[in-house]
Every structure is written in structure tokens, then in C-alpha cells.
Amino acid sequence: FETTTFTFIVLYALWMSIDADWNGEELLANADVGFQLVEHVFCLYFLWEWAVRLLAYKKKLECLKDHWFVIDSFLLAGSILETWVLWVLVLWRPGVTSVGILSNASVLRVIRLLRLLRVIRISKVLAAFPEVVVLF
């Protein structure tokens, strides 16, 4: 589970660079189908990973004491907002190129950049394997 999640985080960081270079659209719903599909897959995986981590707690409120879980919850909420909620709103109203406060491109860029915080979770994995840190 940890290895798969770590792999997805690294792949997502790489995907974000590809998306930034080749996708000229501000909103996902206006992007090519390939960009949309990859974003949906990543969002679905991170939602599944979040749900598995939540279900691992016997007392669900204990998850609020886990700082990584809280950070991931906010990142996931931003991903869901951009990937699914805005996507549905734009498809529901054809011809819409922006939605409310998110019409400012800088707000969308900030949301995307915040998703890079997932890469910070790699430090948690590196702490578990000090041998890897020595290699660097």
C-alpha cells in the first residue's frame, strides 16, 4: 500500500509537469480527453487511498490528530473540486470557460501547486528507510 501510494505520488508529480507544459487549458473540462482521463485516474486513486486510511482508524475522529491525514484531506478536496466539481459544472453549462471565483487563473494555479505538497509525504517514507537517505 505504501509503495503503491509512493509510486502514485511520484507519477503525479511527473504528470503535473507534463500537464503544465502541454495542456494549455485552464479548466480540465476544456482539456483534451487524455488529460481529463489521467486527472480522473489520479483523483480516483487518491480518493481511494484517503478512504482506506480513514477506514483504518477504529475511532474516525482520531484521524484529525494525524497531521498528514488532515493535509491530505485538504489536498484531496482541492483535487475533487477541480477534477470533478468544476468538470461537472462546465459540462452542465456548455460554453462556460470559468466558474465564479475560480475564473481567476491564478487561483487554479495555486490549487494545482498545493497538490505538490503530496510529494512532501515522501519524507515520511524516507524516514522509514534510512538506507535510502544515505544513498543521496
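Author: Start with touching: a contact means heavy atoms within 4.5 Å. The model is predicted, so local features need pLDDT of at least 70 and side-chain atom pairs pLDDT 80 or more, while totals for chains, interfaces and linings use all residues. Residues are numbered from 1 along each chain as its sequence is written, and side-chain values use heavy atoms, with hydrogens and water left out.

Begin with Thr 83. Leaving aside residues up to four places away in sequence, Thr 83 touches Leu 28, Glu 39, His 40 and Cys 43. Where does Thr 83 sit? Thr 83 belongs to helix H3, which covers residues 67-92. Helices here are DSSP runs of H or I with at least four residues, strands are E runs of at least two, and both are numbered from the N terminus.

Is Thr 83 buried or exposed? Its relative accessible area is 1%, so Thr 83 is buried. The scale is simple: under 20% is buried, over 50% is exposed, and partly exposed lies in between, with a 1.4 Å probe and protein chains only.

Move along to Trp 87. Trp 87 is also placed in helix H3. At a relative accessible area of 25%, Trp 87 is partly exposed. With residues up to four places away again set aside, Trp 87 touches Leu 28, Ala 29, Gln 36, His 40 and Glu 82. Leu 27 and Trp 87 are 60 residues apart along the chain, yet their C-alpha atoms are separated by 7.7 Å. Now look at Trp 92, another residue found in helix H3. Trp 92 has a relative accessible area of 65%, so Trp 92 is exposed.

Asp 72 is in helix H3 too. What does the side chain of Asp 72 meet? Asp 72 and Arg 53 form a salt bridge, at 2.5 Å from N to O. A salt bridge puts a side-chain nitrogen of Lys or Arg within 4 Å of a carboxyl oxygen of Asp or Glu. Arg 53 lies in helix H2, so this bridge links distant parts of the chain, 19 residues apart. Asp 72 and Arg 53 are both buried.

Arg 53 has another partner. Its side chain meets that of Glu 49 at 3.2 Å, N to O, in a salt bridge. Glu 49 and Arg 53 are four residues apart in helix H2, so about one helical turn separates them. Glu 49 is buried, as is Arg 53. The structure holds three salt bridges. Lys 65 and Glu 62 make one of them, at 3.6 Å from N to O. Lys 65 is exposed at 60% relative accessibility, whereas Glu 62 is partly exposed at 34%. Shared partners join Glu 49, Arg 53 and Asp 72 into one network of salt bridges.

Next, the rings. Rings of Phe, Tyr and Trp (its six-membered ring) pair if their centres lie within 6.5 Å; planes under 30 degrees apart are stacked, over 60 edge-to-face, and the rest tilted. That rule gives eleven aromatic pairs. In one of them, the rings of Phe 8 and Tyr 45 are stacked, because their centres are 3.8 Å apart and their planes meet at 10°. Phe 8 lies in helix H1 (residues 2-22) and Tyr 45 in helix H2 (residues 33-55), so the pair ties together parts that are 37 residues apart in sequence.

Tyr 45 pairs with Phe 46 as well: this pair is edge-to-face, 5.8 Å centre to centre, with 70° between the planes. Tyr 45 and Phe 46 are both buried. For Tyr 45, the relative accessible area is 9%. Ring pairs link Phe 1, Phe 8, Tyr 12, Phe 42, Tyr 45, Phe 46 and Trp 48 into a cluster.

Which residues make up the largest nonpolar core? There are ten: Ile 9, Tyr 12, Trp 15, Met 16, Ala 31, Phe 35, Phe 42, Tyr 45, Phe 46 and Leu 76. Helices H1 and H2 are the elements that give two or more residues to this core. Such a core is a set of buried Ala, Val, Leu, Ile, Met, Phe, Trp, Tyr and Cys residues joined through side-chain atoms within 4.5 Å.

Finally, step back. The protein chain has six helices and zero strands. Of its 136 residues, 32% count as buried. Among contacts with a separation of 6 or more, 69% join residues 24 or more positions apart.
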